[in-house]
Amino acid sequence: MKLPMQDAAAHERLPEDVSHRVQLPRRAPAAPLRQVVRRLVMALIVLVLTVLIVWVDRDEYHDNANGSVDFLDCVYYATVTLSTTGYGDIVPYGDSARLLNILLITPLRVLFLIILVGTTLEVLTERTREQWRLNRWRTALRDHTVIVGFGTKGRSAVQTLRATGASRDRIVIVDPSPKVIDSAVAEGFAGVLGDATRSDVLLRAEVQRARQIIIATQRDDTAVLVSLTARQLNKKATIVAAVREEENAPLLRQSGADSVITSASAAGRLLGLSVNSPSASTVMEDLIQQGSGLDLIERPVVKAEVGKSVRDTGDLVVSVLRGHRLLAYDDPAASPLQHADRLITIVRAVPKDEVPELGRPAAQGLPGSGVQPMRRADEKDRVIRRADEQDFGD
């Protein structure tokens, strides 16, 4: 295996206070000028309210200068009171004035001070709120997908997962670049900033409880180290990795990856296929792009298909997964189908609202192909489970 240096981005020195940080999606903060104007308006409202309270009860106040309190004196008293200056030249001497000071003006003074120091309090509140959100996120996160690397390959993987029904809150992005993590968070995904070859970084992404791990790093040696670390932390997760050099694929499988995609070789094969058969390359591109045209999906065998031939199923079956063996559709061992089998089929992608209900006639598929209108992978499994339940009920 070639061993170049690790990812350049991963090799960057990050400050201690930002490295390995988990970022959750959040609303965009208001502009600084807008926040300042809003606080000034709130402070002015508190000041005006205090002036009105003193003005209404002005007869209960005493001015040491001339004994009476006019409107200017009310504004002056409200200003020095809210700022906690308190010169003592104007004082409440009546019972009602002192009661209003206790019940109204003192809370307004506290509110005024909160507005003045609102920036500090907002930072503390934001940190507390963010920590609470993070703790709740960690507690609720189960069976999610961790994607290491959010470049071209990582983004394409996310798009495919989203097209097959995965929600944003079940996807966690790990990347050593702060700009990449900021971009992922802006798109609604949770992000972990740090080098994924380190176990503490993957633990922050809750990789030990993940169902799937996608490794889409820039370098093959980084992918091997990430795969080794992830497999050590999670023995049951499905790990899929991409490599550039085909000679590194066996080493990545030995490091714990269940499936390895050679990106350079795959692109080269598509290029060669496009030269010899442009239409076939278009079909291949359509199959690997989920949510439009034809989709390649994996689904379980329903009870009604058990014991039948591969060709007797309603879908266009490409392969049969039986245990750890992947059988071609024309392999004699693939038929008859067994209850524990899973089928790799080609289906037509249709909008969600056009998915037919059980018991209703489905729309016509491709003539002579056996391809039915697509149910997205999760929806199709749900419909199949419902069909099995009905069969068992019968």
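Author: Start with Asp143, which sits in the loop between helix 4 (118-140) and strand 4 (145-148). Helices (H or I, at least four residues) and strands (E, at least two) are DSSP runs, numbered from the N terminus. Before going on, remember that this is a predicted model, where local features need pLDDT of at least 70, side-chain atom pairs count only at pLDDT 80 or more, and totals for chains, interfaces and linings use all residues. Residues are numbered from 1 along each chain as its sequence is written, and side-chain values use heavy atoms, with hydrogens and water left out.

Back to Asp143: its phi is near 50°, a positive value in a residue other than glycine. Asp143 counts as partly exposed because its relative accessibility is 46%; the cut-offs are under 20% relative accessible area for buried, over 50% for exposed, and partly exposed in between (1.4 Å probe, protein chains only).

Glu206 also has a positive phi without being glycine, near 55°. Look for Glu206 in the loop between helix 7 (199-204) and strand 7 (212-215). With a relative accessible area of 6%, Glu206 is buried.

Then there's the peptide bond itself. Ser335 and Pro336 are joined in cis, with omega about 0°. Pro336 belongs to the loop that runs between strand 12 (325-328) and strand 13 (342-348).
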